[in-house]
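I am opening a notebook page for this structure. The entries below record what I looked up and what came back.

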Amino acid sequence: MEPIAHAAVPTLTSLAHGGGCGCGCKIAPGVLADLLKRDARVARPFADLLVGTETADDAAVYRLNDRQAIVATTDFFMPIVDDPFDFGRIAATNALSDVYAMGGTPILALAIVGMPVNVLPHATIARILEGGEAVCADAGIPVAGGHSIDSVEPIYGLAALGLVDPDRVMRNSGALAGDVLILGKPLGVGILSAAFKKQRLDDAGYRALIATTTRLNRPGAALATLDGVHAMTDVTGFGLLGHTLEMCRGAKLGASIDYAALRWIDGAVAHADAGILTGASTRNWASYGDAVDLAASLPRSAQTLLTDPQTSGGLLVACDRHAAERVLEVLRGEGFGDAAVIGAITDGPPRIHVR
């Protein structure tokens with residue numbers, strides 16, 4: 001009798017129409033803004049809701065008492081890599097980043113799991129969960145439960161809860177004119193992810209991609225305690241320009257970015273110059289490009305790189321110039337060696353000038 005032939009197990013990325021926090025599966029910023037429009041007359045005030053949907057912040061914050069507020073967020077997406085353990089780590093790191101970006105410290109997480117259970121081996125799904133649990137263990141928190149469904153595409157992420165001092169909440173809207181902008185991680189995650197799907201990412205590039213996307217943004221809690229730090233967010237699916245613009249709109253101010261000061265994951269610029277990009281990058285520019293001025297001297301790939309969606313990207317901090325050195329010291333002391341001053345908050349309307 002002939003042995004029964006089993007179909008090859010598909011790769012994770014082959015089952016996903018997009019991947020990561022912005023590499024194809026996140027709703028474009030312009031579309032999202034339309035979906036979230038609300039009639040002001042139906043808004044109901046909650047005195048202890050310190051942060052809601054009004055300024056496109058990273059998480060909700062609800063005051064429990066004079067010393068504690070709870071930070072609540074959820075984030076999940078489809079895979080950007082094929083290794084299940086790495087996918088779980090990336091997704092969990094990305095989700096916890098929103099707690100850190102608000103100045104909070106995570107306390108627990110719940111798993112969000114959607115898997116094609118009749119397509120993927122159960123061992124593969126288990127490894128995804130193990131990856132998320134490993135990151136949560138590194139953050140010092142449990143995965144205390146969750147919810148799972150049978151879905152067409154693989155989806156994984158976390159609902160994460162944290163605590164923060166109500167007086168130290170880091171909104172993305174608190175920047176002041178004259179503040180400097182500091183970015184904690186190099187850019188280029190979306191481009192490297194696209195190169196991976198095209199089988200054009202070498203081993204060194206893959207290692208660089210995993211290294212940055214699995215590094216927890218834990219310095220956020222310490223940065224929130226520093227005098228002179230006025231606003232913070234993390235750079236994810238809308239790219240550097242999109243999240244900087246959210247900061248500008250919240251503060252009703254402009255920003256300038258020094259292109260030469262930006263740091264890139266090794267290989268990202270070369271891949272962008274070769275024409276590799278994500279569909280999300282194009283959608284990002286279509287959503288907010290009319291609020292951006294790019295200097296004529298910038299390279300042709302600048303628009304792609306500046307709108308490149310990041311998964312588990314770096315903290316973007318607006319702080320007083322006198323606090324900048326201390327902010328860099330905290331970031332670099334936690335292993336964020338690429339942290340750098342990349343620009344400034346300026347007077348004027350919410351518009352970004354890249355020079």
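In which sense do strand S1 (residues 49–51) and strand S2 (residues 60–63) pair, and over how many bridges? I read the pairing of S1 with S2 as antiparallel, over two bridges. I keep in mind that this is a predicted model.

Entry: I looked for a residue facing Val51 and found Val61 of S2 standing opposite. I then followed S2 to strand S3 (residues 69–77); these run antiparallel and are joined by four bridges. Tyr62 has Ile70 in S3 as its bridge partner. I note S2 and S3 as a hairpin, with five residues between them.

**Entry: the whole sheet.** I traced the strand order as S1-S2-S3-S6-S4-S5, an open sheet of six strands with mixed pairing. S1 and strand S5 (143–150) are the edge strands, each pairing on one side only. On average, neighbouring strands of this sheet are turned by 20 degrees against each other, direction ignored. For S3 and strand S6 (residues 155–164) I noted antiparallel pairing over nine bridges. Ile70 turns up again here, with Leu163 in S6 as its bridge partner. I also checked what packs on the sheet: helix H3 (residues 122–139) does, touching strand S4 (105–115), S5 and S6. The direction of H3 makes about 20 degrees with that of S6.

**Entry: the record.** I looked up the annotation. UniProt lists residues 57–164 for "domain: PurM-like N-terminal", in an unreviewed entry. In the model, the span 57–164 is 33% helix and 39% strand. Its end C-alpha atoms lie 15 Å apart.

**Entry: a helix pair.** How do the axes of helix H2 (residues 84–101) and helix H5 (residues 203–213) cross, and within what distance do they come? I have them crossing at roughly 40 degrees and coming within 9 Å. From H2, the residues in the contact are Asp86, Arg89, Ile90 and Thr93; from H5, they are Tyr206, Ile210 and Thr213. I sorted the residues of this contact into three nonpolar, two polar and two charged.

**Entry: positive phi.** I went through non-glycine residues with positive phi and wrote down two entries. Ala56 has a phi of about 55 degrees, positive although Ala56 is not a glycine. Ala56 sits in the loop between S1 and S2. I place Gln199 in the loop between helix H4 (189–197) and H5. Is Gln199 buried or exposed? Gln199 counts as exposed because its relative accessibility is 75%, and exposed means over 50%.

**Entry: cysteines.** How many disulfides does the count come to? I get zero disulfides, with the rule requiring cysteine sulfur atoms within 2.5 Å. Cys319 is in no disulfide: the nearest cysteine sulfur is that of Cys248, 15 Å away. I checked the accessibility of Cys319 as well, and at a relative accessible area of 0% Cys319 is buried. Cys136 has 1% relative accessibility, which is under 20%, and therefore counts as buried.

How values were computed: Residues numbered from 1 in each chain as written. Predicted model: local features only at pLDDT ≥ 70, side-chain atom pairs only at ≥ 80, totals over all residues. Heavy atoms only, no water. Axes fitted to C-alpha atoms, helices over the stretch in contact; angles between N-to-C directions. Contact = heavy atoms within 4.5 Å. Nonpolar A, V, L, I, M, F, W, Y, C, P; charged D, E, K, R; others polar. Pairing = 2+ DSSP bridges. UniProt positions renumbered as here; feature names shortened; annotations may be inferred. Buried < 20%, exposed > 50% of the residue type's maximum accessible area, 1.4 Å probe, protein only.
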